[in-house]
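Dear colleague,

Here is the structure I said I would pass on. My notes on it follow below.

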Amino acid sequence: MTPAWVQRQEALLRDCIVSPDVFDHMVERLRDFTVPYQHALETEASQRNAHLYLAGLLSHLDRKNAETIAALVDVERLVLQEFIGTAPWDHRPLITVLVGEVVARLGEPDGIIAFDPSSFPKRGTHSVGVKRQWCSHRGKVDNCQVGVFMGYVSRHDHALLDFRLSLPAEWARDEQRRQACHIPEAVSYRPRHDQCLEMLDLWHAQVPHGWVTGDDELGRHTRFRQALRERGERYVLGVPCNTIIRDLEAPDSVYQGRGRPPKAPWQSVRAWRQSLSSEGWTQLMVRDGAKGAVGTELVRRRVQTRLERKRTGPEEWLVVTRCPLSDDRPLEGKASPDAIEHDGRYGYRYYLTPTSVAHTALKEPSLGELARVITAGTCIEASFKRGKGEAGMDEYQVRSWEGWHHHMTLTLIAVWFLISETHRGQQWTPALTLPQVRYGLSVLLLETFLTLGVSSICRQVQRQLMRNELARFYHYRTRKCLPPKKLR
């Protein structure tokens, strides 16, 4: 290697040297971090269980549900299962504390609020809100639950702030299933874009931001885009490739002297993109990737959109991005079938952003700013990856309405602790990543809760044996046959 490459390699490796200050007293900091959230809970038992459950979510466990966490922290299984699944504590005060902490650390005036649904595959039919629907986790229609999440993206980092469970209409009408899953009477069916507006109205004054973004599931709803414009929100929303637009910058056809002057034809964004010349694209670098800089190509055009029933809609900016299939392919499983298209060489995505909000004209956004907002969608996908990969967001075993919200709340709090510790540790180790922080913390928690020895082994084996025998006894009883004196 040349001297320049050698120097750069040495500099990068120096950033990987881990100081003991990164992990020193981390368990104590977790205990202090939990205190404001414990104050938001009413009972002492809930405060104690919240700390134990957070420690379990951040531990080494492969399956982070109430039963395995109870075995780790050495408490009765039913205690944690009741705390998560059926205890009537309100999760919203904890979300309020979380939002305040995220805004204090990450907030900036031109931050981005990002909305994105996330799916949680399920096998059965009894978990609250489960049905066969589009499952972004698997990239196909499957049996799953869907949550609508609100995230925040700034130049410092990104985090999830709030969420809503998407309750299907058939669930909202089924009184028997509502009672079985403890769905509150005030809860009714609401479209996902209405749930996004509810979260935006709740937090827009507290969360500083300059943009709102979301995928094509939200952008395809013209009423959602209109509601954002009425609220004075600038947005960049994905739209499907069959969205109908009219190019307002296309050259006028020759007027024949009779009838109305001709206008550009209505056409789909796919057809418009196919007629675009190869010189119309602008290339930008959006971020540093593991294998080099990641770039994208954009084109922007002022268009007129259509509303329902073929009514003429407002003027908006159409933004089209393209990137090579080798770069775009990992995102295909996350998108709906009509959100992205290919021509054998590139993958294309389509977005709309307003030319005016609340009757106020907006300055034409730069391509660099548009690329930054579009990239925020990728950041929220990374937030889901953090939650599911590091804090067990999708590993819950609860069926009730309360249980789903309790688990999601504590998962978001656990990830936020990892983000805070990562920022702290990067003062000494600039190359430090969030998964490595979680690994170090899991080892420390293992030493805290497990005293290795014969007594610890006996206690863990006894707990599992009793769990298995009680399960066998339960199945005998449900079949109304008396079990033998010894089940084995």
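I start with Lys131, which counts as partly exposed at 26% relative accessibility. The model is a predicted one. The side chain of Lys131 meets that of Glu170 in a salt bridge, 3.0 Å from N to O. Glu170 lies in helix α7 (residues 169-173) and Lys131 in strand β2, so the pair ties together parts that are 39 residues apart in sequence. Glu170 is partly exposed, with a relative accessible area of 32%.

Overall architecture

The protein has 17 helices and 15 strands. Its C-alpha trace spans about 100 × 70 × 45 Å along the principal axes. Of its 488 residues, 48% count as buried.

Salt bridges

The structure holds 26 salt bridges.

- Arg301 and Asp247 form a salt bridge, with the closest N and O atoms 2.9 Å apart. Arg301 lies in strand β10 (residues 292-306) and Asp247 in strand β7 (residues 244-247), so this pair ties together parts that are 54 residues apart in sequence. Arg301 is buried, with a relative accessible area of 18%, and Asp247 counts as buried at 7%. There is also a network: salt bridges with shared partners join Glu108, Asp110, Arg155, Glu369 and Arg372.
- Asp201 and Arg231 meet through their side chains in a salt bridge of 2.8 Å, N to O. This pair links distant parts of the chain, 30 residues apart: Asp201 is in helix α9 (residues 192-203), and Arg231 is in the loop between α11 (222-230) and β6 (235-239). Asp201 counts as partly exposed at 38% relative accessibility, and Arg231 is partly exposed with a relative accessible area of 37%.

Cysteines

How many disulfides does a search of the whole structure find? The search gives 0. Cys196 is buried, with a relative accessible area of 0%. Cys16, by contrast, is partly exposed, with a relative accessible area of 43%.

Surface patches

A patch of negative charge on the surface gathers Asp21, Asp24, Glu28 and Asp32. Of these, Glu28 is found in helix α2 (residues 26-39) and is partly exposed, with a relative accessible area of 38%.

A nonpolar patch is formed on the surface by Ile457, Val461 and Leu465, which together have about 280 Å² of accessible area. Ile457 lies in helix α17 (residues 454-478) and counts as exposed at 53% relative accessibility.

Two further positions

Arg132 is found in strand β2 (residues 131-135) and is exposed, with a relative accessible area of 53%. Arg132 and Lys122 are 10 residues apart in sequence, and their C-alpha atoms are 9.6 Å apart in space.

Pro109 lies in the loop between α6 (92-106) and β1 (112-121). Pro109 is exposed, with a relative accessible area of 72%.

Regards

Notes. Residues numbered from 1 in each chain as written. Predicted model: local features only at pLDDT ≥ 70, side-chain atom pairs only at ≥ 80, totals over all residues. Heavy atoms only, no water. Patch = residues over 30% accessible without salt bridge, like charges linked within 9 Å, V, L, I, M, F, W, Y side chains within 5 Å. Areas by Shrake-Rupley, 256 points an atom, 1.4 Å probe, with all protein chains shown as cover. Salt bridge = Lys/Arg side-chain N within 4 Å of Asp/Glu carboxyl O. Lys, Arg positive; Asp, Glu negative; His and termini not counted. Charge placed at Lys NZ, Arg CZ, Asp CG, Glu CD. Helix = DSSP H or I, 4+ residues; strand = E, 2+ residues; numbered from the N terminus. Buried < 20%, exposed > 50% of the residue type's maximum accessible area, 1.4 Å probe, protein only. Disulfide = S-S within 2.5 Å.
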